[in-house]
Amino acid sequence: MLKIFLIFFVIEIALVVISGNFSKELKIGFEDGKFTVYQAESHYDLQEKITEEFQIDEYYSKHDVEPKIYGSSKIYDFFKNIFGKATAVATFQLLRMLLIVDILILLMAVLIRKSLLARPSKPQIIFELLYTSLEQFVTETLGKDKAYYTPYIVSLFLFLWVCNMIGMIPIPGFMEPTRNLNVPLGLGFLSVVIVHASAVKFKGAWKHLQNYINPVKNPLFLLDIVGEVSKVVSISFRLFGNILGGAIIILVVSSLVSYVVFPVGLNLFFGMFVGTIQAFVFTMLALTYIGVEIAE
């Protein structure tokens, strides 16, 4: 293993030296009927790279170039007609990634369901361990009679985890959907809606709602309304900030070290470790909000 690592390290160093630290790039192709391999001058601007990666619509509005959509141009044109040219690329990119995440989760569910065995395989053991661990959190927070919340909590954690991990797959156009504020904000809003739907179910609609609309029973009802809005903001922006910040740090530090070795460690920490922690924190906060409302 160490020998393989050293070989890749030497190859990476050689590529950086040959490319003149991104001032040149290797060109391979045909010119005038002849096969050619040569180095051409290239331009690498870190600020432009950050804009292209994280503000893709602004980048293409500044540069008169055809956008890299990594998908069907017909579907992209469809979205461009609906959402407008100003946000078409980012919207198409986000919806494509959400579709890929959904397909991946469905495939995982189908494959594991098909391979359920009395003597479980390793993937089955991992998913059973994940399910029973989260089920334990649910029963300890809400009570054993409310264990039916477990599928919702497991689905929320799995969706967030896959969203945070998918950016590590080295395929052009792949990125974490959770680094787009719309995704964490939508999930945060959905979590708070489920909290209040649960409260209405267990306490009754009028008993629950009068805490927010009846100043006689609750003189500080305005503060409670602000508190509910702040729940959406805090749970969403925590996830969004950590995932976006990690992605920017990976890009900036990788550029500074010419993409040699460090990106592997950075992806393991900011992608796998921070991504898993943030998915878990978001899920536990959603569970805690339900527990607090039901217990009141």
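Start by selecting Phe-240: in this predicted model, Phe-240 is buried, because its relative accessible area is 17% and the cut-off for buried is under 20%.

Phe-237 counts as partly exposed, at 40% relative accessibility. Colour helix H10, residues 221–256, and you will find both Phe-237 and Phe-240 in it, three residues apart, or about one turn of the helix.

Now for some rings. A pair of aromatic rings is described by the distance of the centres and the angle of the planes. The structure holds seven aromatic pairs. In one of them, the ring centres of Phe-237 and Phe-240 are 6.3 Å apart and the planes meet at 80°, so this pair is edge-to-face.

Move on to Phe-269 and Phe-270. What kind of aromatic pair do Phe-269 and Phe-270 form? Their pair is edge-to-face, with 4.9 Å from centre to centre and 85° between the planes. Phe-269 is partly exposed at 41% relative accessibility, and Phe-270 is partly exposed too, with a relative accessible area of 21%.

Two last stops bring in charges. Select Lys-146 together with Phe-202: the charged end of Lys-146 sits over the Phe-202 ring, 4.9 Å from its centre. Then pick Lys-231 and Tyr-289. Where does Lys-231 lie? Look over the face of Tyr-289, where Lys-231 is 5.0 Å from the ring centre.

Definitions and conventions
Residues are numbered from 1 along each chain as its sequence is written. This is a predicted model: local features need pLDDT of at least 70, side-chain atom pairs count only at pLDDT 80 or more; totals for chains, interfaces and linings use all residues. Side-chain values use heavy atoms; hydrogens and water are left out. Rings of Phe, Tyr and Trp (its six-membered ring) pair if their centres lie within 6.5 Å; planes under 30 degrees apart count as stacked, over 60 as edge-to-face and the rest as tilted. Helices (H or I, at least four residues) and strands (E, at least two) are DSSP runs, numbered from the N terminus. Buried means under 20% relative accessible area, exposed over 50%, partly exposed in between (1.4 Å probe, protein chains only). A charge sits over a ring if NZ of Lys or CZ of Arg is within 6 Å of the ring centre and within 35 degrees of the ring normal.
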